[in-house]
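The entries below follow the order in which I looked things up.

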Amino acid sequence: MNIFHSLFNLRQGLLMDKNPRIQMVLLFLGSLLLFMAVLPANHSDSEDAYYYARTVEQGEWSEMFHGHHLLYLPACRAVCRAVQAAGYSGRSLPVLIGISMLAGALCICLLASLFRGDGKRREMGWPFVAALFFSYGFWRYSVAAEIYIPALALSMAALLCARDGRLWWSELFSALALLLHLMCIPVVLVSIPLLLVLNRRFRCAGVHMAVVIALVAGVYAGVAWGGRFTFFPDSMVMRSSLGQPLTWAKGLFAFGQNLLSGNFLFSLPPVAERLTQMFPYHMLQEELFMGAQAPSWVQWLAPISFVAAGGAIVCLVVLALRRVSAFPPLGWAALAWLVGSAAMAMWFEPANPEMWIFTIPPLWLFLGLGWRCFPIGLKWLPVVVAGLLAFHNFIGGMLLLRSEANDYCRQKAEWIVEHAVAGDVVLVADSHSFTTYLQYGSPAQVEDMKFQGMDEWNALKKGATGRIYVYGDVLELLPAVARRDSSSVAELRTLGVALRPQLKRIHQDAFGAIYEWSGQ
């Protein structure tokens, strides 16, 4: 009921013409309150959330500057220190989530502003603003400690400034967006120059690209000069070829997950089994555990809402494309942003839903601008789409993340978090999110043995001053780990064989055994 009330408030806000500043403030606050109302307790599906939070708190400066998102962690550390100076005494994860929530609310206001300035039947823009809010990828990552929504906010600010002729601001926001994440390249270096060219501002397009490239290159050069670049290539991940049809199916699935939550699929055993076969190298145990805890009614209601919402979206897209020739320049810029972001996602990580988040704002901007060319009698369809998105993505997505009991990382780590102390060592071979959760939540030294072998183990045991705990997944590899790079898997199996004779089982639960190493 609250969701549909918020939809009504969004509509009322977008129809207010007399006080646009008050409108944006109300829209911002309403979006922020709704994000707070659905804030999940389960963050295990956010791949890097705990890594970011721990690095902001404890990381060396040499760890802060990642080549793909150069300034995100330094900026988050600055914000954390600022709120601590203001009296905050908690940890960094809530602060990083708060940054995403503020950025998400800003994105909603920026999309509304893009529709408002179009000058043609702007009352038809509000359902597309609501559709962005309730698209699962945007909604989920607006309440997660992740980089994507802040980067999108800067990208959309740059696009809005370019449309309104505030080019210096556009160049500044464009450079900052690229420094937060390189997935902003399509909007910053393709979409905005195209918009300027279509408006016959050819010189401005060239200046924009030159200034943005110079600013970004200057910052990268400064960081490189200091020798502080960090990259984290996962040598155990098997990349798919674009020549394989299955790769395109995975990309379509990942894109669709950003529109309509597929979390409920993991509550359906036959479907969950099929998904593990389709993505054999992906660590899906967090999703499988979450799905197993889902209420029984989700198993029948969520598929119905999924089909209904999916069908409505397809109808909306097909009808909008019939009037593509009537799109304004901003619509073509949105299409370039959409296609460019999709191409980058397919090239780098087609099966990763996080990469596809960057396609969602341009999709709704493109459709919203095109829909204004339709007869007023069809305005009910976008309203239906927004309502179905809200309903389905709540019951089939966000609802399943509401409880800590559904959090794989929290539940599996519980014993170690309670018993391990500073000086202890914990060996794991689970997902990145589980490993980083333990590193964030436990004072012990947590080591991901998927990337280490006998040499690293020998150094660890010599330097250990406390107890050494070993999770059972180091001995009996998880299926996704066993399917990865053969040389790394062989090293891990060799380590398991060497460890086994000197291990004593000290805990057993639904996730497997935990051992203590008793050797010398």
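My entries on the model, the cores, the surface and the salt bridges follow.

**Basis.** I worked from a predicted model, in which local features need pLDDT of at least 70 and side-chain atom pairs count only at pLDDT 80 or more, while totals for chains, interfaces and linings use all residues. Residues are numbered from 1 along each chain as its sequence is written, and side-chain values use heavy atoms, with hydrogens and water left out.

**Overall.** I noted 23 helices and seven strands; these are DSSP runs (helices H or I, at least four residues; strands E, at least two), numbered from the N terminus. Of the 520 residues, 55% count as buried, where buried means under 20% relative accessible area, exposed over 50%, and partly exposed in between (1.4 Å probe, protein chains only).

**Cores.** I looked up the nonpolar cores, that is, sets of buried Ala, Val, Leu, Ile, Met, Phe, Trp, Tyr and Cys residues joined through side-chain atoms within 4.5 Å. The largest has 154 residues, and Trp-364, Leu-365 and Tyr-471 are among those with the most contacts inside it. Helix α5 (residues 92–116) gives the most to this core, with 16 residues. The core also draws at least three residues from each of domain 1 (20–229 + 241–401) and domain 2 (407–517), with bounds from an automatic or database domain assignment. Leaving aside neighbours within four places in sequence, I found Leu-365 in contact (heavy atoms within 4.5 Å) with residues including Leu-111, Phe-115 and Leu-330. A second, separate core of 23 residues includes Met-449 and Tyr-515.

**Salt bridges.** I counted 11 salt bridges, each being a side-chain nitrogen of Lys or Arg within 4 Å of a carboxyl oxygen of Asp or Glu. Glu-57 pairs with Arg-91, the closest N and O atoms being 2.6 Å apart. Glu-57 lies in helix α3 (residues 49–58) and Arg-91 in the loop between α4 (72–85) and α5, so the pair ties together parts 34 residues apart in sequence. Glu-57 is partly exposed, at 31% relative accessible area, and Arg-91 is partly exposed at 33%.

Which residues does Lys-412 meet in salt bridges? I found Asp-430, with the closest N and O atoms 2.5 Å apart, and Asp-473, at 2.8 Å, N to O. Lys-412 lies in helix α19 and Asp-473 in the loop between β5 (468–471) and α22 (479–482), so this pair ties together parts 61 residues apart in sequence. Lys-412 is buried at 4% relative accessible area, Asp-430 is buried at 0%, and Asp-473 is buried as well.
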